[in-house]
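Open the model in your viewer and keep the sequence panel beside it. The tour moves from the whole chain to single residues.

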Amino acid sequence: KKFQYIEQITTIMNRTQLKSRVLGAYRTLIKARKETFKNDKYMLRETLNIIRMEFRQRSQEENPQTIETLVNEAHEAAQMIKLEILQGMRENVEDEKFHAVMPETTVMANIDSTVSVGDIDDKLIKQLERKHKREERKAKRKQQNTEEQL
């Protein structure tokens with residue numbers, strides 16, 4: 001009888017951990033879509049609908065191995081959304097020219113890439129360069145302050 005009780009508790013704990021991982025994967029996907037499509041209301045709405053639909057369709061899944069596989073796929077999808085999607089946006093409604101919008105995570109992930117993207121989002125690249133210089137100066141000042149304290 002004691003063994004059955006321990007087994008039931010273990011099963012409940014495993015389900016709770018699995019549920020926590022599923023919710024974490026859901027939140028990761030939601031956050032990835034927000035970062036990638038932050039200025040595009042249509043894509044924000046559509047990706048949210050797709051994520052909700054996919055999770056609802058699989059909400060009755062009972063097999064822990066299948067659920068774990070789905071959780072891993074959700075995390076991979078979030079990474080793909082954050083790092084591999086390049087969105088083109090029009091500057092003006094009348095303008096037929098598009099400019100590429102690359103979130104900082106995409107730029108940082110591809111900074112060592114040999115692919116030339118032309119002058120895609122020069123503003124973002126300049127911002128990143130300025131940010132990098134500020135961080136270098138801040139680190140240098142911190143090091144100097146530490147040396148002065150010694």
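How much accessible surface does the protein chain have, and what share of it belongs to carbon and sulfur atoms? The accessible surface comes to about 12600 Å², with 52% belonging to carbon and sulfur atoms. Areas come from the Shrake-Rupley method with a 1.4 Å probe, and for residues only the protein chains shown count as cover.

Two notes before you select anything. This is a predicted model, in which local features need pLDDT of at least 70 and side-chain atom pairs count only at pLDDT 80 or more, while totals for chains, interfaces and linings use all residues. Residues are numbered from 1 along each chain as its sequence is written, and side-chain values use heavy atoms, with hydrogens and water left out.

**Stop 1: the whole chain**

Show the cartoon. The protein chain has 5 helices and 2 strands. Along the sequence the pattern reads α-α-α-β-β-α-α. Helices (H or I, at least four residues) and strands (E, at least two) are DSSP runs, numbered from the N terminus.

Now colour by burial. Of the 150 residues in the protein chain, 19% are buried. Buried means under 20% relative accessible area, exposed over 50%, and partly exposed in between (1.4 Å probe, protein chains only).

Turn to contacts, meaning heavy atoms within 4.5 Å. Among those between residues at least 6 apart in sequence, 49% join residues at least 24 apart.

**Stop 2: the aromatic pair**

Select Tyr26 and Phe55. They form an edge-to-face aromatic pair, 5.0 Å centre to centre with 80 degrees between the planes. Rings of Phe, Tyr and Trp (its six-membered ring) pair if their centres lie within 6.5 Å; planes under 30 degrees apart count as stacked, over 60 as edge-to-face and the rest as tilted. A search of the whole structure finds 1 such pair.

What does the pair tie together? Tyr26 lies in helix H1 (residues 2–36) and Phe55 in helix H2 (residues 41–57), so the pair ties together parts 29 residues apart in sequence. Tyr26 is partly exposed at 25% relative accessibility. Phe55 is partly exposed too, with a relative accessible area of 25%.

**Stop 3: the nonpolar core**

Select Leu18, Ala25, Leu29, Ile30, Ala32, Leu48, Ile51, Ile67, Val71, Ala74, Ala78 and Ile81. These 12 residues form the largest nonpolar core. H1, H2 and helix H3 (64–84) each give two or more residues to this core. Such a core is a set of buried Ala, Val, Leu, Ile, Met, Phe, Trp, Tyr and Cys residues joined through side-chain atoms within 4.5 Å.

Centre on Leu29, in helix H1. Leu29 is buried, at 7% relative accessibility. Leaving aside neighbours within four places in sequence, its contacts include Ile51, Phe55, Ala74 and Ala78. The C-alpha atoms of Leu29 and Ala78 are separated by 4.9 Å, although the two are 49 residues apart along the chain.

Move to Leu48, in helix H2. Leu48 is buried, with a relative accessible area of 18%. Beyond neighbours within four places in sequence, Leu48 is in contact with Tyr26, Ile30 and Arg33.

Next, Val71. Not counting residues up to four places away in sequence, Val71 touches Arg21, Val22 and Ala25.

**Stop 4: the largest pocket**

Select Val22, Phe55, Arg58, Ile67 and Leu70. Of the 26 residues that line the largest pocket, these are the closest to its centre. About 910 Å³ of space lies in this pocket. H3 gives the most to the lining, with 8 residues.

Note on methods
On a 1 Å grid over the protein atoms alone, a cavity is a set of points where a 1.4 Å probe fits but cannot get out, and a pocket is an open set with protein on both sides within 12 Å along at least five of seven lines; lining residues have an atom within 4 Å of a point. Grid points are joined across faces, edges and corners, and a volume is the space filled by probe spheres set on the points.
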